[in-house]
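Welcome, and thanks for taking a look at this one with us. Please have the model open beside you as you read.

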Amino acid sequence: MANKNLSVWTSIPFWRRSAAWVTGFASILLIWLTFDTLGQITMGTDDDLKNGVTKRVPAATVINYKIGYEMSTKRGHEVPTIGEKEPFFGKEWSADDAADLLHLGKLTSQTKNCMNCHTLLGNGAYYAPDLTKAWIDPAWSKTGPMMAMTGKSTKEEAIAEFLQHPSTYPTHARMMPELGITADEAKGLVAFLKHMSSIDTNGFPRNFGKEEGSTNAH
Ligand code: HEC
């Protein structure tokens, strides 16, 4: 009877229609974002690396290149840079061998549960340091304390040595336990860490320490 005086805000058909429009719009937006994300996180190829095409997640063969971390004034944070070639465990890895090594590293990181103590790309536990950029951690540079302590002459050998015998090289108040990592698994893990450091994470983690000369990929 008194319907005439009701404002639009109390009209049930109005709210029903609004809900349908908002749900429809949000669904389309989510579908679009999903496809956009899939494109962004798809791993690049060896040819991308050879042709200097930048991908957020480079191919496994990125282990054959120097990784740097450089401030991008355009983006307002640091981004990984892929520099000139460098040997990794004394050689250049083919696309298949690099992919296999990276795969072994990923599997080992899961079976040994690194995330139980560390964070990887921000996921995991906060007991031990984030490993996203561990490869370019200044501690592992030629002049860094970790490198010197292991007595190895390359970064990859130094990290592999530490992973196999962490309790021999305690640096912090907390110690990383012996996880029974074999020499092959350690190699895989170092490839995994090196590859992860090359992923463009929009500047995560922030204010990360810098290796001397890393900006121009020495
Ligand atoms: C039980 C906890 C624990 C687990 C599991 C663990 N870590 Fe650690 N890790 C630590 C602690 C604590 C440190 C710091 C020790 C130090 O620096 O002396 C550390 C240090 C490190 C470092 C050196 C830090 C840096 O910034 O370079 C690396 C690399 C590393 N861990 C890799 C791994 C990997 C790879 C795995 C899985 C295979 C793993 N950790 C599993 C506790 C753990």
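## A loop lysine

Leaving aside its neighbours within four places in sequence, which residues is Lys-55 in contact with? In this predicted model, those partners are Gly-44 and Asp-48. Lys-55 itself sits in the loop that runs between α2 (46–50) and β1.

Lys-55 has 19 other C-beta atoms within 10 Å, so it is partly exposed.

## How α5 meets α6

Now turn to helix α5 (residues 155–164) and helix α6 (residues 183–197), which pack with their axes 9 Å apart at an angle of about 125°. That angle makes α5 oblique to α6. The crossing of these two helices is right-handed.

On the α5 side, the contact is made by Glu-156, Ile-159, Ala-160, Leu-163 and Gln-164; α6 brings Ala-183, Ala-186, Lys-187, Leu-189, Val-190 and Leu-193. Sorted by class, this contact has eight nonpolar, one polar and two charged residues.

## The largest nonpolar core

The largest nonpolar core holds 32 residues, and the members that touch the most others are Ile-63, Ile-159, Leu-163, Leu-189, Val-190 and Leu-193. At least two residues each come from β1 (65–72), α3 (95–111), α5 and α6. Helix α6 gives the largest share, seven residues.

Leaving aside neighbours within four places in sequence, Leu-193 is in contact with Leu-131, Ala-134, Trp-135 and Ile-159.

Terms used. Residues numbered from 1 in each chain as written. Predicted model: local features only at pLDDT ≥ 70, side-chain atom pairs only at ≥ 80, totals over all residues. Axes fitted to C-alpha atoms, helices over the stretch in contact; angles between N-to-C directions. Helix = DSSP H or I, 4+ residues; strand = E, 2+ residues; numbered from the N terminus. Parallel < 35°, antiparallel > 145°, perpendicular 65-115°, else oblique. Left-handed = near helix turned anticlockwise from the far one by under 90°. Contact = placed C-beta atoms within 7 Å. Nonpolar A, V, L, I, M, F, W, Y, C, P; charged D, E, K, R; others polar. Core = buried A, V, L, I, M, F, W, Y, C linked by C-beta atoms within 7 Å. Buried ≥ 20, exposed ≤ 12 C-beta atoms within 10 Å, placed from the backbone.
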